[in-house]
Amino acid sequence: MAINILMPALSPTMTEGKLAKWHVKVGDTVTSGQVVCEIETDKATMEVEAVDEGRIGQLVVPEGAEGVKVNAVIAILLEEGEKEVTKVAAAAPAPAAKPAAAPTPAPVSAPKPAPPTPVPAASGDGARLFASPLAKRIAVDKGLDLSRINGSGPGGRIVKADVEAAKPGQSAAAKPAATAQPVFAAPGDTRVPHTPIRKVIARRMLESKQTVPHFYLAVEFEIDALLAARQAINAVTEKRGTKVSVNDMVIKACAKALRDHPECNASWTEDEMIQYGAVDISVAVATDRGLITPIVRNADMKGLAQIAAEMKDLAARAKAGKLKLDEFQGGGFTISNLGMFGIKNFAAIINTPQAMILAVGAGEERVVVRKGQMVVRNMLDCTLAVDHRVVDGALGALFLQTLRAYVEQPAAMLA
Amino acid sequence: MAETSFDIIVVGGGPGGYVAAIRAAQLGLKTAVVEREHMGGICLNWGCIPTKALLRTSEVYGLIKHADAFGLSVKDVSFDAKKIVERSRKVANQLSNGVKGLMKKNKIAVFDGTAKLAGSEGALRKLAVAMNDKSSVTLTAKNVILATGARARQLPGLESDGKLVWSYKEAMVPPAFPKSLLVIGSGAIGIEFASFYRTMGAEVTVCEVLDRILPVEDEEVSAFAKRAFEKQGMKILTGATVSNLKKAANKVTATITAGGKAQEITVDRVISAVGIVGNVEDLGLEGTKVKVEKTHIAIDQWGFTGEPGVYAIGDVAGPPWLAHKAMHEGVLVVEKIAGVKGVHPMKAENIPGCTYCQPQVASIGLTEAAAKAKGLQLKVGKFPFIGNGKAIALGEPEGFIKTIFDAKTGELLGAHMIGAEVTELIQGYSIAKTLETTEAELMATVFPHPTLSEMMHESVLAAYGRTLHI
């Protein structure tokens with residue numbers, strides 16, 4: 001199945017750029033991490049690496065093309081066995097769509113939008129809610145969500161009449177965004193109504209950023225051994241139709257590390273800490289409806305091939321909007337990978353009520369110093385965001401130390 | 001030449017009208033008031049305020065008569081009716097002048113005269129004003145607020161004559177206090193005069209057509225008040241009608257029918273306090289969309305009459321006949337006209353009512369019977385004055401505070417009080433109702449000790465079986 005290579009966003013504000021130079025031509029075989037082209041924006045020029053392996057089937061955007069929209073298809077990669085490009089994806093300014101390269105057993109797996117796009121001021125959610133005591137009590141009785149109710153009292157206070165008028169389950173008169181700084185659409189701007197998933201993302205991310213005390217631990221893993229192991233594994237599993245990605249291996253490594261540190265596989269509640277018995281890993285997947293996090297359950301007990309197969313299935317169904325509720329609700333830890341976009345490193349927002357999220361950047365060759373010598377190694381940047389209520393700095397660091405052992409010596413995962 | 005064109009003209013300078021005018025001026029509207037008699041209206045000149053001055057006299061007099069109970073020796077207590085009335089008039093005049101001062105301070109034009117709607121001129125309402133100095137002037141305004149108030153209802157055969165049969169007005173300025181008095185009607189006005197004259201030594205009979213006195217109050221309050229008044233020597237006839245008044249030179253003989261039996265009583269004076277009627281006459285309402293129902297102007301929740309640019313507030317616009325209701329209405333109507341954001345209609349169940357008899361009566365919200373009639377599950381608490389330290393220290397052990405909650409939601413549905421100073425306490429529950437507190441917040445509130453207000457706390461606790469001091 002052909003894989004689209006998309007125009008990456010080099011910064012959160014980038015909307016288009018120039019394809020300065022192709023480093024590959026049709027028919028070339030590329031491996032993950034290989035530079036395929038250079039992109040130029042008003043700010044910088046950057047090399048874009050292949051995320052997947054395959055043969056270049058078509059260069060959709062010619063060299064020197066300007067104004068190439070972010071997420072437009074710039075090239076098509078053929079996987080082994082594919083003869084030619086059967087369907088040419090609409091050229092250049094493709095709709096901002098499926099950024100994810102692959103529902104395939106692809107390399108570095110599904111992405112998650114970086115720290116949620118510039119959130120327009122504060123949405124009403126999470127802000128202090130003004131409601132009369134009586135209104136609050138009636139709301140509890142009726143099972144109403146006060147944050148979805150318009151207050152008609154002084155200063156927008158929610159009063160009895162408002163909750164009495166609202167019906168359970170109804171998203172009441174949608175509360176106007178109590179933006180600190182009102183955002184108005186000027187002529188030429190487009191008003192895009194919120195989808196349900198967008199509202200959930202907005203509410204949950206805001207709640208997390210506002211109520212969870214995040215701290216961040218950044219590490220750099222050497223992944224040569226991991227890449228070698230992956231090739232060796234795939235040499236075997238591919239015959240059975242499964243291809244293990246770097247991300248699948250990161251899932252497994254995290255699962256093993258969590259099994260070693262049950263205090264990290266935990267959630268904060270007001271009364272006590274909940275440590276989870278099972279190691280369930282949520283993996284952020286971008287869909288054209290928005291971000292969703294399907295779960296690989298009991299990942300510590302599963303083999304890489306099984307994880308890869310499950311992930312492929314989950315990602316495909318996530319994109320098709322066909323996940324079952326229990327397939328994306330729950331989980332004790334989240335992995336978010338933006339490596340395929342050439343993101344070197346980033347910090348993610350904790351997926352509450354989980355305590356940690358690992359943000360995985362792009363693997364790349366870097367010059368590092370080993371035994372006093374400059375050598376070239378494949379390096380991978382990861383940033384762990386941690387809920388300080390659950391996990392202290394030292395514990396978070398210990399977790400990363402354990403994770404490093406699994407990532408850098410993948411054979412340990414067999415233990 | 002004086003200005004004749006305004007943003008808002010208020011017809012009537014009573015508590016509703018002058019407050020509306022001040023609020024309008026605060027909002028930067030060019031405002032005028034037309035008042036035919038006194039700024040401050042009945043409330044300030046012939047109602048709430050002067051009667052409070054009289055009742056203060058009777059309260060102090062009552063205390064002095066019981067000086068011995070406080071360890072004081074006071075001999076030969078007497079009073080001078082003329083001085084009592086003078087004081088009351090002085091209080092009223094002081095406040096009326098105060099209102100005039102407020103008009104000046106807020107740059108509100110005051111026209112001393114009688115106004116009448118006189119059609120419109122484009123979008124402007126025209127008002128023909130017959131000035132008290134016999135001149136006339138035509139005023140125009142974008143909006144007119146009718147705040148003409150009300151006057152005593154005159155029942156056929158019981159009309160006040162100003163000499164033997166008094167309305168509230170004569171009752172407030174008697175040349176001498178009567179030795180015996182028949183009060184017809186036991187609403188707030190009738191009961192306050194009955195209480196005043198009884199304390200000042202008159203033989204007082206109260207005649208109420210309904211089956212209980214203070215009929216708008218909670219039944220328990222009515223019953224308690226009746227017992228308290230009877231203990232003071234007042235005679236109370238309920239379910240009673242006065243069918244005939246025979247007037248002699250300085251006496252009136254009334255025929256009263258109660259329980260199927262007719263009896264005659266002879267008294268010095270009669271006070272007729274059988275309700276009020278709205279002042280809707282000669283306002284030029286004919287040919288407008290303003291509707292008069294049962295002597296009152298019909299309005300919507302924003303005081304709008306249906307006639308473009310014409311609003312009504314206060315007593316002329318319907319019950320309850322209370323100055324604070326009129327003031328609040330005045331403010332909300334003006335704010336609505338001015339386009340102020342977040343204006344809320346008034347909620348009848350959040351308007352407190354006070355009667356300044358001895359013992360005082362105050363209430364807000366639903367009576368127990370009204371709450372039951374709504375089919376609500378109730379939690380009712382009652383706490384007596386006898387259980388309150390401050391009440392005992394004051395020598396005021398009579399009365400109670402009753403609270404009524406919706407058992408399901410904890411909403412404070414009503415509060416009913418009788419006893420010393422309860423008119424000063426009721427505002428606590430007014431705030432509670434406006435803020436929509438439940439029993440939980442009231443229970444969590446710290447009430448100062450020792451105060452009468454502790455009973456407000458205890459009553460709430462009692463409703464949930466948690467009262468501490470009884």
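1. B:Ile431 lies in helix 11 (residues 422-434) of chain B; helices here are DSSP runs of H or I with at least four residues, strands are runs of E with at least two, and both are numbered from the N terminus. B:Ile431 is partly exposed, with a relative accessible area of 47%. On this scale, buried means under 20% relative accessible area, exposed means over 50%, and partly exposed is in between, with a 1.4 Å probe and protein chains only. The C-alpha atom of B:Ile431 is separated by 8.8 Å from that of B:Asn350, although the two are 81 residues apart along the chain.

2. The model is predicted, with local features needing pLDDT of at least 70 and side-chain atom pairs counting only at pLDDT 80 or more, while totals for chains, interfaces and linings use all residues. Residues are numbered from 1 along each chain as its sequence is written, chains are lettered from A and ligands numbered from 1 in the order in which they are written, and side-chain values use heavy atoms, leaving out hydrogens and water.

3. Chain B as a whole has 13 helices and 23 strands. Of its 470 residues, 52% count as buried. Its accessible surface is about 21,400 Å², with 55% belonging to carbon and sulfur atoms; areas come from the Shrake-Rupley method with a 1.4 Å probe, and for residues only the protein chains shown count as cover. Among contacts in chain B with a separation of 6 or more, 61% come from residues 24 or more positions apart, a contact being heavy atoms within 4.5 Å.

4. The phi of B:Glu436 is near 55 degrees, a positive value in a residue other than glycine. B:Glu436 is buried, with a relative accessible area of 6%. B:Lys134 also has a positive phi, about 80 degrees, and is not a glycine. B:Lys134 is in the loop between strand 4 (124-131) and strand 5 (136-146) of chain B, and is exposed at a relative accessible area of 79%.

5. Which residues does B:Thr355 touch, leaving aside those up to four places away in sequence? They are B:Ala188, B:Ile191, B:Glu192, B:Leu214, B:Glu217, B:Gln360, B:Val361 and B:Thr423. B:Thr355 itself belongs to strand 19 (residues 353-355) of chain B and is buried, with a relative accessible area of 3%.

6. A search of the whole structure finds twelve aromatic pairs over all chains. Rings of Phe, Tyr and Trp (its six-membered ring) pair if their centres lie within 6.5 Å; planes under 30 degrees apart count as stacked, over 60 as edge-to-face and the rest as tilted. The rings of B:Phe6 and B:Phe111 have centres 6.0 Å apart and planes at 85 degrees, so this pair is edge-to-face. B:Phe6 is in strand 1 (residues 5-11) and B:Phe111 in strand 3 (residues 109-121) of chain B, 105 residues apart. Both B:Phe6 and B:Phe111 are buried. For B:Phe304 and B:Tyr311, the centres are 5.4 Å apart and the planes are at 55 degrees, so the pair is tilted. B:Phe304 is partly exposed at 27% relative accessible area, whereas B:Tyr311 is buried at 14%.

7. Ring pairs also link B:Tyr61, B:Phe79, B:Trp166, B:Phe177, B:Phe193, B:Phe196 and B:Tyr197 into a cluster.

8. The contact between the chains takes 13 residues from chain B and 13 residues from chain A. The buried area between chain B and chain A is about 990 Å², with 49% from carbon and sulfur atoms; this is the accessible area (1.4 Å probe) that two parts lose on being put together, summed over both. The interface has two salt bridges, each a side-chain nitrogen of Lys or Arg within 4 Å of a carboxyl oxygen of Asp or Glu. A:Arg137 forms a salt bridge with B:Glu439, the closest N and O atoms being 2.9 Å apart.

9. In helix 1 (residues 133-142) of chain A, the buried residues include A:Pro133, A:Leu134 and A:Ile138. Their cover includes helix 2 (160-165) of chain A and helix 12 (439-444) of chain B.
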